[in-house]
Amino acid sequence: MPDGLTAPPQDLIDAARYPLADAAARARIVAAGRKGLAHEGCAMLPRFVTPAGTAAMAAEAMRLLPRSNRRDLQLCAYANQSADGFPADHPRRRVSPFRQHVIGADDFAPDGPVMRLYRWDGLTRLVADLLELPALHRVADPLLSCNVTIMGEGDQHGWHFDSNDFVVSLLLQAPERGGHFVFAPGIRSESDPNYDRVARALDGDPAVLRMPEVSPGTLALFRGKHSIHRVTPIEGARPRIIALFSYDRRPDMNFTERSRMNVLGRSRPRAATAQTAGGKGT
Ligand SMILES: [Fe+2]
């Protein structure tokens with residue numbers, strides 16, 4: 001995992017709207033985000049990144065599209081957990097389509113716009129404050145710490161829970177239609193899987209689901225470990241592009257090899273793969 005950056009990426013953030021260096025303004029921004037998390041299950045910071053910033057990040061992602069992993073899978077929302085013993089229509093067994101391109105963290109240049117924002121320690125501190133945590137860490141995983149997904153017409157991101165504590169998303173480009181983020185806030189806890197309510201979410205019951213309006217540049221936080229979520233199918237020719245920044249309360253959080261394979265179709269960073277391949281020359 002690359003080291004953190006202390007200087008804010010001033011060419012990306014809308015500092016007039018989010019003057020984070022001003023203590024009073026920062027406190028107001030944090031209070032508003034906490035209110036959103038408490039009442040809506042998510043915090044939205046619209047236009048956190050400027051249109052020029054999202055355009056630069058979207059262009060970087062599109063340049064990396066040839067290196068992305070094309071996912072076209074049917075997965076259940078509990079991908080890493082066994083479904084043994086559960087009936088066929090149980091939430092533990094139900095599957096949905098995962099169709100998207102995913103770019104691995106190791107494919108982004110350390111000095112490119114995506115990594116300069118993710119590696120900025122000020123963003124990590126802001127996310128920790130919004131979540132009312134004394135400390136938070138970017139996940140250590142060299143592949144899945146920071147990803148960008150690109151979804152074209154007909155693509156969708158199926159129902160799932162995240163395996164790390166918190167994900168921050170930043171929409172870089174909206175599709176013409178569809179591609180809505182839908183979630184059921186706090187639908188389960190560590191002690192209660194709440195399968196009945198999860199089944200209602202999978203059925204599309206609007207009483208348990210939320211579909212916030214998200215515009216490009218919006219920094220969005222929500223607790224994906226306990227909130228089942230999906231992205232509805234993309235309509236129209238313009239791809240939906242979104243950056244996903246992962247955090248954890250532990251400083252050394254790595255995803256499982258199975259998760260890496262699921263998302264990126266590989267479990268090792270490019271450099272390690274190249275070195276291994278080079279070392280097998282004899
Ligand atoms: Fe997720």
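This is a predicted model: local features need pLDDT of at least 70, side-chain atom pairs count only at pLDDT 80 or more; totals for chains, interfaces and linings use all residues.

A residue counts as buried when its relative accessible area is under 20%, as exposed when over 50%, and as partly exposed in between.

**R260**

Select R260, which lies in helix α6 (residues 257-264). Its relative accessibility is 13%, so R260 counts as buried. Now display its surroundings, leaving out residues up to four places away in sequence: R260 touches D141, P142, L143 and L144, then N254 and F255, and also G265, R266 and S267.

**The whole chain**

Zoom out to show the whole protein in cartoon form. The secondary structure consists of seven helices and 13 strands. The radius of gyration is 19 Å, close to the 19 Å that the globule rule gives for 282 residues, so the protein is as compact as a globular protein of that length. Along the principal axes, the C-alpha atoms fill a box of roughly 60 × 55 × 40 Å.

Colouring by accessibility comes next. Of the 282 residues, 52% are buried. The accessible surface comes to about 13100 Å², and carbon and sulfur atoms contribute 52% of it. Among contacts with a separation of 6 or more, 86% link residues 24 or more positions apart. If the charged side chains are shown, there are 36 positive and 31 negative charges, and their mean positions are 1 Å apart.

**The aromatic cluster**

Show the aromatic rings; the whole structure holds nine aromatic pairs. Which residues form one aromatic cluster? Select Y78, F86, F161 and Y195, which together make up that cluster.

Start within it at Y78 and F161. Their pair is tilted, at 5.3 Å centre to centre and 50 degrees between the planes. Y78 sits in the loop between β2 (69-76) and β3 (95-103) and F161 in the loop between β6 (157-160) and β7 (166-173), so the pair ties together parts that are 83 residues apart in sequence. Both residues are buried.

Then turn to Y78 and Y195. Their ring centres are 6.0 Å apart and their planes stand at 65 degrees, so this pair is edge-to-face. Since Y195 belongs to helix α5 (residues 195-202) and Y78 to the loop between β2 and β3, the pair ties together parts that are 117 residues apart in sequence. The relative accessibility of Y78 is 3%, which is why Y78 counts as buried.

**Around F161**

F161 is buried, with a relative accessible area of 9%. Apart from neighbours within four places in sequence, F161 is in contact with A77, Y78, I187, R188 and V198, and with the residues G224, K225, H226, S227, I228 and H229. A C-alpha to C-alpha distance from F161 to R230 gives 9.1 Å, for two residues 69 apart in sequence.

Select A201, which is placed in helix α5. Is A201 buried or exposed? With a relative accessible area of 0%, A201 is buried. Beyond its neighbours within four places in sequence, A201 is in contact with W159, A184, I187, V208, L209 and I228. Draw a distance from A201 to H180: the C-alpha atoms are separated by 15 Å, and the residues are 21 apart along the chain.

Now move to N194, in the loop between β9 (181-184) and α5. Phi of N194 is near 50 degrees, a positive value in a residue other than glycine. At 24% relative accessibility, N194 counts as partly exposed.

Select helix α4 (residues 121-130). Seven of its 10 residues are buried, so α4 is largely enclosed by the rest of the structure. The buried residues are G122, L123, T124, L126, V127, A128 and L130. An α-helix has 3.6 residues a turn, so residues three or four places apart point the same way.

E132 is exposed, with a relative accessible area of 55%.

Note on methods:
Residues are numbered from 1 along each chain as its sequence is written. Side-chain values use heavy atoms; hydrogens and water are left out. Helices (H or I, at least four residues) and strands (E, at least two) are DSSP runs, numbered from the N terminus. The radius of gyration is taken over C-alpha atoms; the globule rule is 2.2 Å times the number of residues to the power 0.38. Buried means under 20% relative accessible area, exposed over 50%, partly exposed in between (1.4 Å probe, protein chains only). Contact means heavy atoms within 4.5 Å. Accessible areas come from the Shrake-Rupley method with a 1.4 Å probe; for residues, only the protein chains shown count as cover. Lys and Arg count as positive and Asp and Glu as negative; His and the chain ends are not counted. The place of a charge is taken as NZ of Lys, CZ of Arg, CG of Asp or CD of Glu. Rings of Phe, Tyr and Trp (its six-membered ring) pair if their centres lie within 6.5 Å; planes under 30 degrees apart count as stacked, over 60 as edge-to-face and the rest as tilted.
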